[in-house]
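Here are my notes on the model you asked about, point by point. Have the viewer open while you read.

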Amino acid sequence: MKRLLRDKSGPLTRELLLKPGQFGLGKVPEKTAPDATTDMVCGYCSTGCSLRVHLKDGEAVNLTPTTDYPVNLGMACPKGWEALSVLDSPERATTPWIRNSRGELKPTDWHTAMHAFVDRFQTIQHEHGQDSVAFLSTGQMPTEEMAFLGALTKFGMGLKHGDGNTRQCMATAVVAYKQSFGFDAPPYTYSDFEESDVIVLVGSNLCIAHPIMWERVMRNPHSPEIIVVDPRMTETAMNASLHLPLQPKSDQTLCYGIARILIENGWINESFIENSTNGFEEFSAFVRQYTDERLISETGLNLDDVNKFAELIHSGKRVSFWWTMGVNQSHQGVRTAQAIINLALMTGNIGRPGTGANSITGQCNAMGSRLFSNTTNLLGGHDFENREHRQKIAEVMGCDVDRIPSENGWPYHQIIEGILREKIKGLWVICTNPAHSWINQNQCRDILDRLDFLVVQDMYHTTETAQQADLILPAAGWGEKEGTFINSERRIGRLKKVHKAPGDSLSDFNIFRLIAHYWGCGDLFEDWETPDQVFELLKKFSQDQPCDITGIENYSALDRAGGIQWPLPAGSSDLAQERRLFSDGKFFHSDGRAKFLFNPTRAMPEQINSKFPLILLTGRGSASQWHTQTRTSQSAVLRKLYPEKIFVELNPKDASERHIRANEQVTVKSQRGQIRARAVLTNSVKPGQVFLPMHYEGTNQLTLGIFDPHSHQPAYKACAVQVTKIV
Ligand SMILES: Nc1nc2c(c(=O)[nH]1)N[C@H]1C(S)=C(S)[C@@H](COP(=O)(O)OP(=O)(O)OC[C@H]3O[C@@H](n4cnc5c(=O)[nH]c(N)nc54)[C@H](O)[C@@H]3O)O[C@H]1N2
Ligand SMILES: Nc1nc2c(c(=O)[nH]1)N[C@H]1C(S)=C(S)[C@@H](COP(=O)(O)OP(=O)(O)OC[C@H]3O[C@@H](n4cnc5c(=O)[nH]c(N)nc54)[C@H](O)[C@@H]3O)O[C@H]1N2
Ligand code: SF4
Ligand SMILES: [Mo]
């Protein structure tokens with residue numbers, strides 16, 4: 001029986017809660033950094049820039065980018081510069097909110113909130129089974145908080161199903177790496193941007209989504225060839241030496257065709273293939289079917305450009321391949337990512353400076369969530385289904401091994417479908433905003449409405465999902481708590497408390513402690529009092545894994561080193577500022593070899609037709625907007641840098657056929673919904689395609705809920721729509 005006993009301390013009283021400082025409640029900010037300045041990593045994107053926060057009496061008054069941090073070298077994008085200003089906002093949740101019997105959300109206190117949380121969820125479990133309560137989390141909390149949430153829900157509360165918004169984002173790369181390399185291991189370090197002589201960016205709009213990585217490309221002294229594979233002429237494509245505006249979702253065909261051309265010309269690295277890989281013979285036979293004719297007809301590219309792409313890969317001494325959401329968010333994302341990995345393997349472009357098959361992550365702590373959130377894998381990159389792994393984690397936890405689930409929980413879309421099938425009745429949403437960001441949003445909102453109890457834990461009480469909640473738990477945000485993030489190049493950096501969290505809001509860490517206490521499993525978390533104590537546990541979880549960090553002494557060591565990239569096993573003296581994986585040609589599969597993996601390409605599931613003749617692409621709109629805009633819309637400076645209302649990018653040819661003029665309001669319609677948007681006429685989208693930024697809530701009313709079969713990641717990027725003039 002996994003249901004836990006009530007805490008031995010007996011019923012909780014309000015007096016207990018009101019003790020000053022307990023669970024961080026009512027506590028004055030600890031002056032973690034009484035000095036004049038302190039450095040910490042940014043809380044938006046996965047670049048992981050360091051920001052120097054200027055303090056007065058331990059409170060932040062301003063910030064500037066850190067000049068001597070190996071990631072950003074004194075640079076920051078607008079979001080980083082404005083990171084402090086979004087903390088003080090009237091939309092911050094300053095107390096818990098609970099929905100009353102009239103259906104209205106009303107402020108309440110923590111004691112009532114905690115009782116409601118425990119009573120409602122435990123009642124649901126009692127009536128509908130242990131697994132009828134699930135959670136959805138994030139890539140935007142410190143690793144210590146993610147591990148706490150994962151351990152609390154799965155070992156403490158006995159939940160089985162929980163996933164994160166990293167499913168929307170990184171799941172494809174995770175599965176691709178695990179299958180190809182034997183572990184989820186992005187191999188690169190950012191100096192590779194500066195050391196390559198050929199840089200290939202596939203489905204990645206670096207200028208907008210990772211502007212400081214783009215700055216690193218600009219510092220490359222080798223005048224690199226930059227090849228951008230993107231259906232749109234993005235800001236990044238405009239700066240490329242070769243832009244390949246392929247048909248959406250034809251990247252896999254393109255990579256297989258390029259592989260065939262490389263093989264036919266003998267432009268491969270035979271000794272690397274021989275010594276470090278498996279499966280090349282089969283791959284080589286397989287790609288023969290991707291003939292020039294097929295390549296041209298499926299990608300819509302011209303043969304000269306395709307051949308030039310192959311020649312540039314061949315002539316480069318240090319070729320790096322980078323990909324992001326144009327690849328991951330696809331009905332065939334995993335095999336597409338592996339088609340890119342195969343190009344790096346067959347040309348031996350991995351493990352050396354300026355090379356690599358490199359997935360760029362998205363959120364500030366996507367990498368932390370991949371390894372330590374206890375969702376898709378057991379803490380520390382372990383496997384729920386492996387008994388030895390469960391035993392190891394149970395020992396570190398100091399608990400019975402039977403408390404560790406022996407199966408994986410459902411991925412995100414199965415949790416959502418589980419609500420529809422009445423298998424999931426209670427949902428706890430932490431640090432993500434699915435009512436805006438999840439695919440096919442009209443259906444998602446209807447589904448969330450069917451829950452018996454929805455808890456949302458967020459910095460703001462105004463998010464689309466919080467407005468649907470039965471209970472809102474007010475969370476401290478970036479700058480208001482301690483912990484660590486892991487960036488795209490596997491660098492662990494620190495996060496500090498430099499600002500007082502407003503009202504009664506608490507760090508997610510303290511909310512989890514409070515819940516453990518009320519739920520009755522506080523005993524399991526006696527050693528989890530502070531983030532730095534949990535960091536010690538993270539080290540133990542990681543021991544002997546490819547992501548081993550037992551050699552990181554403590555938080556101060558991270559400060560001194562300018563962040564540390566995993567792995568750093570105990571006893572390692574390799575404290576170089578830039579470290580990449582696979583320099584010895586050895587991968588993480590048991591035989592030390594990487595695998596060539598491939599599958600026949602599949603057509604886009606939703607084809608255009610006479611009713612919906614345009615392909616809708618979605619993605620990031622500007623460097624000043626973050627996702628569902630709950631944070632970035634709070635900054636007056638950022639608000640000036642992007643359009644307030646939704647707009648659709650449309651090619652002038654498609655516009656004139658529809659008698660649409662610039663800036664007119666139009667209807668964009670798919671089989672799932674319709675929205676109004678302002679028409680922006682631009683040649684950056686090709687005829688037959690339109691683009692909507694994801695930052696406006698309308699966009700996901702149109703998208704199609706299709707998922708990669710291996711990673712279960714949603715295919716946000718392409719579906720069929722029609723655009724019409726409003727008359
Ligand atoms: N300013 C800002 N920066 C961010 C974020 C943000 O919200 N705002 N979010 C962060 C997060 S979480 C993430 S995951 C990253 C995402 O970073 P990116 O993946 O770089 O951003 P997107 O704009 O989503 O998608 C990249 C490109 O994919 C293209 N694309 C669409 N379909 C295809 C296709 O079939 N093939 C190819 N080759 N390309 C295609 C789109 O045209 C788009 O230009 O950004 C991170 N950085
Ligand atoms: N159409 C389309 N849709 C997409 C995408 C796309 O390209 N196209 N991209 C997808 C991708 S890659 C991603 S990553 C998702 C992102 O989707 P979401 O995760 O839903 O987007 P965010 O706006 O970042 O939501 C984070 C929430 O956490 C809150 N928050 C911030 N910090 C904290 C904290 O410390 N604690 C707590 N408790 N809350 C906090 C914020 O206020 C916000 O409400 O969107 C996906 N949706
Ligand atoms: S590039 Fe990313 S990490 Fe750097 S300042 Fe901008 S949002 Fe922050
Ligand atoms: Mo993402």
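1. Which residue has a backbone N or O atom 2.9 Å from a nitrogen atom of ligand 1? Ser622 does. Keep in mind throughout that this is a predicted model.

2. Ile208 places a backbone N or O atom 3.3 Å from a nitrogen atom of the ligand, and a polar backbone atom of Met325 sits 2.8 Å from one of the oxygen atoms of ligand 1. As for cover, ligand 1 has 900 Å² of accessible area on its own, and the protein covers 100% of that.

3. Now the wider shell. There are 34 residues around ligand 1, and the nearest are Ala209, Asp230, Lys249, Asp251 and Gln625. Sorted by class, the shell comes out as 13 nonpolar, 14 polar and 7 charged residues. Helix 7 (206-209), helix 15 (325-328) and strand 21 (614-619) each put at least two residues into it.

4. On to ligand 2, where the contacts I'd check involve side chains. An N or O atom in the Asp458 side chain is 2.6 Å from an oxygen atom of ligand 2. A nitrogen atom of ligand 2 is 2.7 Å from a side-chain N or O atom of Asp508, and the side chain of Thr618 has an N or O atom 2.9 Å from a nitrogen atom of ligand 2. The protein covers 99% of the 920 Å² of accessible area that ligand 2 has on its own.

5. Strand 15 (453-458) and strand 21 are the elements giving two or more residues to the shell around ligand 2. That shell also counts 34 residues, with Gln140, Asn165, Ser437, Asp458 and Thr628 coming nearest. By class it holds 9 nonpolar, 19 polar and 6 charged residues. Domain 2 (92-168 + 365-565) and domain 4 (614-725) each contribute at least three residues.

6. Ser46 is in the loop between strand 1 (37-41) and strand 2 (50-56). Its side chain makes a polar contact of 3.4 Å with the side chain of His210. Leaving aside residues up to four places away in sequence, Ser46 touches several others, among them Tyr190, Met213, Cys364 and Asn487.

Key:
Residues are numbered from 1 along each chain as its sequence is written. Chains are lettered from A and ligands numbered from 1 in the order in which they are written. This is a predicted model: local features need pLDDT of at least 70, side-chain atom pairs count only at pLDDT 80 or more; totals for chains, interfaces and linings use all residues. Side-chain values use heavy atoms; hydrogens and water are left out. Helices (H or I, at least four residues) and strands (E, at least two) are DSSP runs, numbered from the N terminus. A polar contact is a pair of N or O atoms within 3.5 Å; within protein, one must be able to donate a hydrogen and the other to accept it, and residues adjacent in sequence count only if both atoms are side-chain atoms. Contact means heavy atoms within 4.5 Å. A residue is near a molecule or strand if one of its heavy atoms lies within 4 Å of it. Accessible areas come from the Shrake-Rupley method with a 1.4 Å probe; for residues, only the protein chains shown count as cover. Ala, Val, Leu, Ile, Met, Phe, Trp, Tyr, Cys and Pro count as nonpolar, Asp, Glu, Lys and Arg as charged, and the others, Gly among them, as polar. Domain bounds come from an automatic or database domain assignment.
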